[in-house]
Amino acid sequence: MKEERCMGWSYKPLWRLLLERDMKKTEMQRLAGISSVVLAKMGKNQPVTLETLGKICKVLECRVEDVIEYIPEN
């Protein structure tokens with residue numbers, strides 16, 4: 001039986017981008033129109049919808065790669 005591996009994701013690129021732009025997470029949340037629950041999930045590196053990532057990219061005028069990165073699990 002094969003062991004199923006979960007993909008790992010990190011939002012570190014987003015947190016770095018917000019620091020560079022001197023923007024608080026709550027300000028980005030408000031501008032993007034995402035809930036505090038979604039922001040909390042991101043803080044725990046849990047998956048969010050592509051719609052959420054799109055809203056963030058639109059507000060920050062950036063690409064998805066500037067928001068999230070894939071971390072292979074060993």
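**Reading the model**

Analyst: The buried residues of α2 pack against α1, α3 and α4. Buried means under 20% relative accessible area, exposed over 50% and partly exposed in between, with a 1.4 Å probe and protein chains only. Contact means heavy atoms within 4.5 Å. Helices (H or I, at least four residues) and strands (E, at least two) are DSSP runs numbered from the N terminus. This is a predicted model, where local features need pLDDT of at least 70 and side-chain atom pairs count only at pLDDT 80 or more, while totals for chains, interfaces and linings use all residues. Residues are numbered from 1 along each chain as its sequence is written, and side-chain values use heavy atoms, with hydrogens and water left out.

User: Which residues of α2 are buried, and which are exposed on the other side?

Analyst: M28, Q29 and A32 are the buried residues of α2. They lie on the same side of α2 because they cover an arc of only 105° around the axis, the arc being that of the directions from the helix axis to the C-beta atoms. T26 and R30, on the other side of α2, are exposed. After α2 comes G33, with a positive phi near 70°.

User: How many residues does the largest nonpolar core have?

Analyst: In soluble globular proteins, nonpolar side chains tend to be buried together. A nonpolar core is a set of buried Ala, Val, Leu, Ile, Met, Phe, Trp, Tyr and Cys residues joined through side-chain atoms within 4.5 Å. Here the largest one has 20 residues, and L14, M28, M42, I56 and L60 have the most contacts inside it. The elements giving two or more residues to this core are α1 (12–20), α2 (25–32), α3 (36–43) and α4 (50–60). Leaving out residues up to four places away in sequence, M42 touches Y11, L14, W15, V48 and I56.

User: Where does T52 lie, and what does T52 touch?

Analyst: T52 lies in helix α4 and is buried, at a relative accessible area of 9%. Not counting residues up to four places away in sequence, T52 touches I34 and V38.

User: How many aromatic pairs are there?

Analyst: A pair of aromatic rings is described by the distance of the centres and the angle of the planes. Rings of Phe, Tyr and Trp (its six-membered ring) pair if their centres lie within 6.5 Å; planes under 30 degrees apart count as stacked, over 60 as edge-to-face and the rest as tilted. By this rule there is one aromatic pair. The ring centres of W9 and Y70 are 5.4 Å apart with planes at 65°, so the pair is edge-to-face. W9 is in strand β1 (residues 8–10) and Y70 in strand β2 (residues 69–71), so the pair ties together parts 61 residues apart in sequence.

User: Which residues other than glycine have a positive phi?

Analyst: Most residues other than glycine have a negative phi. N45, not a glycine, has a positive phi of about 55°; N45 is in the loop between α3 and α4. E61, also not a glycine, has a positive phi of about 50° and lies in the loop between α4 and β2.

User: How many disulfides does a search of the whole structure find?

Analyst: A disulfide is a covalent bond between the sulfur atoms of two cysteines. The cut-off is a pair of cysteine sulfur atoms within 2.5 Å. The search finds zero disulfides. The sulfur of C57 is 4.2 Å from the closest cysteine sulfur, in C62, too far for a bond. C57 is buried at 9% relative accessibility, and C62 is buried at 15%.
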